[in-house]
Amino acid sequence: MRKMLAAVSRVLSGASQKPRHGFAMLPSLVSISRLKQSSQLGLPKCWDYSYSLKTRQASRVLVASRNFANDATFEIKKCDLHRLEEGPPVTTVLTREDGLKYYRMMQTVRRMELKADQLYKQKIIRGFCHLCDGQEACCVGLEAGINPTDHLITAYRAHGFTFTRGLSVREILAELTGRKGGCAKGKGGSMHMYAKNFYGGNGIVGAQVPLGAGIALACKYNGKDEVCLTLYGDGAANQGQIFEAYNMAALWKLPCIFICENNRYGMGTSVERAAASTDYYKRGDFIPGLRVDGMDILCVREATKFAAAYCRSGKGPILMELQTYRYHGHSMSDPGVSYRTREEIQEVRSKSDPIMLLKDRMVNSNLASVEELKEIDVEVRKEIEDAAQFATADPEPPLEELGYHIYSSDPPFEVRGANQWIKFKSVS
């Protein structure tokens with residue numbers, strides 16, 4: 001008891017010292033470090049929570065009192081070009097506002113995917129599930145380079161794009177768990193999520209590419225100044241339907257950005273073993289292309305802006321290859337270490353992680369502080385936990401709604417079930 005009282009006395013005396021550097025009512029760093037030791041000193045757990053809360057409040061005061069830069073200029077990696085005389089810029093400006101937004105979005109996608117991993121291992125999420133952690137710079141960077149009115153279609157590794165296109169984490173996780181509050185009412189699952197100007201999530205390898213060319217055709221036919229981002233993986237890049245889509249898009253000069261997300265492995269096969277040429281940005285032959293550092297959100301953003309401007313100018317389609325990396329296996333049934341080493345994965349995490357790269361840039365350029373970014377991390381974790389609770393508590397859709405939403409605006413009609421005697425009502 002004597003030790004405990006002495007510890008309390010030291011903490012209080014440290015907190016009541018005369019404020020320095022003009023930070024009034026801010027506990028000293030010494031007192032904060034002592035607070036962390038309260039559990040070791042035998043103090044009640046409520047003291048831990050109270051002091052943790054005060055520390056976070058003090059951190060907010062510290063952040064608010066700092067003078068951050070409004071923007072900073074960064075050098076970015078030069079893109080490799082095909083049939084282009086010039087490409088995206090090699091320097092770009094990042095504002096503090098955009099930097100914080102990109103950081104929050106990438107952290108949200110990362111935490112959401114890790115939560116999906118946890119729910120899958122608990123057998124709350126079932127069926128196919130393909131995670132995109134490690135590839136956050138792709139989905140966030142692409143969205144930063146286009147307009148909300150532009151269009152996007154992708155393959156089955158779609159959770160990140162579903163979020164950046166405007167759906168909430170709650171709707172995405174609820175769809176993964178097959179609940180009524182999901183973005184497809186619990187009937188689509190991991191590979192079939194949709195939002196405004198976002199066409200999924202498609203389960204058939206490569207089949208979304210001709211559909212993307214069709215969306216671009218609709219943009220041109222309707223005379224709208226819009227483009228369609230059509231994504232596929234390196235594993236799908238050798239399919240014939242992709243080259244057919246290239247040909248039609250080039251013939252009709254469609255505003256389509258074909259994007260190959262090259263994460264180096266098609267399922268468990270490395271690109272070197274699957275493709276005679278791994279220069280995917282040259283695969284369009286007669287279509288111009290560029291190869292982009294897909295782990296750098298600023299590279300992805302600037303390349304996307306360049307490609308979108310190219311398409312909007314009426315020159316036709318363009319091809320982008322994003323060199324990226326996934327930390328998880330191909331799907332949740334793939335441990336991801338039978339065809340690559342743990343050391344390889346760790347090396348990418350330590351040297352090229354997209355969130356780490358953005359964080360270092362912002363902190364080193366005085367666009368943000370470590371404390372401020374940690375506060376965002378805490379908020380993101382809470383958002384994910386709240387969404388996960390909803391996704392596990394929300395009810396599943398009832399059986400009688402099995403035939404709902406076949407059409408968007410048709411009057412109700414009957415749908416035959418597994419045999420002629422079973423009927424389901426379809427309501428739009």
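A residue is called buried when its relative accessible area is under 20%. By that cut-off, helix 5 (residues 136-144) is mostly covered, since eight of its nine residues are buried. The model is a predicted one.

The buried members of helix 5 are Glu136, Ala137, Cys138, Cys139, Val140, Gly141, Leu142 and Glu143. Two of those names carry a charge by class, Glu136 and Glu143. Now widen the view. The chain holds 14 helices and twelve strands. Buried residues make up 48% of its 428 residues. Take the contacts between residues at least 6 apart in sequence: 70% of these join residues at least 24 apart.

The largest nonpolar core has 70 residues. Within it, Leu142, Leu229, Ile257, Val292 and Met320 touch the most other members. What does Leu142 contact, leaving aside its neighbours within four places in sequence? The list runs Ala137, Phe161, Leu229, Leu231, Ile259, Val300, Thr304, Met320 and Leu322.

The axes of helix 5 and helix 11 (residues 297-312) come within 7 Å. They cross at roughly 40°. An angle between 35 and 65 degrees counts as oblique, so helix 5 and helix 11 are oblique to each other. Their crossing is right-handed.

Helix 7 (residues 169-176) packs with helix 14 (residues 370-393) at an angle of about 40°. Their axes are 8 Å apart. That angle makes helix 7 oblique to helix 14. The crossing of helix 7 and helix 14 is right-handed. Helix 7 supplies Val169, Arg170, Leu173 and Ala174 to the contact. Helix 14 supplies Glu383, Ile384, Ala387, Ala388, Phe390 and Ala391. The residues divide into eight nonpolar, no polar and two charged.

Is Thr108 buried or exposed? At 1% relative accessibility, Thr108 counts as buried. Beyond four places in sequence, Thr108 is in contact with Phe163, Val169, Val380, Glu383 and Ile384. Of these, Val169, Glu383 and Ile384 also take part in the contact of helix 7 with helix 14.

Burial is found in loops too. Tyr280 lies in the loop between helix 10 (271-274) and strand 9 (289-293). Tyr280 counts as buried because its relative accessibility is 1%. Not counting residues up to four places away, Tyr280 touches Asp234, Ala237, Cys260, Asn262, Val271, Ala275, Leu319 and Glu321. Ala237 is 43 residues from Tyr280 along the chain, yet their C-alpha atoms are separated by 7.6 Å.

Lys425 gives another link across the sequence. This residue sits in strand 12 (residues 423-426). Lys425 and Glu400 are 25 residues apart in sequence and 7.3 Å apart in space, C-alpha to C-alpha. Glu400 is also one of the contacts of Lys425, along with Gly403, Tyr404, Pro412 and Phe413.

Last, two backbone exceptions. Most residues other than glycine have a negative phi. Arg83 has a positive phi of about 55° although it is not a glycine. Arg83 lies in the loop between strand 2 (80-82) and strand 3 (91-95), and it is exposed, with a relative accessible area of 57%. Phi of Lys185 is positive as well, near 60°. Lys185 is found in the loop between helix 7 and helix 8 (208-221). With a relative accessible area of 41%, Lys185 is partly exposed.

Key: Residues numbered from 1 in each chain as written. Predicted model: local features only at pLDDT ≥ 70, side-chain atom pairs only at ≥ 80, totals over all residues. Heavy atoms only, no water. Core = buried A, V, L, I, M, F, W, Y, C linked by side-chain atoms within 4.5 Å. Buried < 20%, exposed > 50% of the residue type's maximum accessible area, 1.4 Å probe, protein only. Contact = heavy atoms within 4.5 Å. Axes fitted to C-alpha atoms, helices over the stretch in contact; angles between N-to-C directions. Helix = DSSP H or I, 4+ residues; strand = E, 2+ residues; numbered from the N terminus. Parallel < 35°, antiparallel > 145°, perpendicular 65-115°, else oblique. Left-handed = near helix turned anticlockwise from the far one by under 90°.
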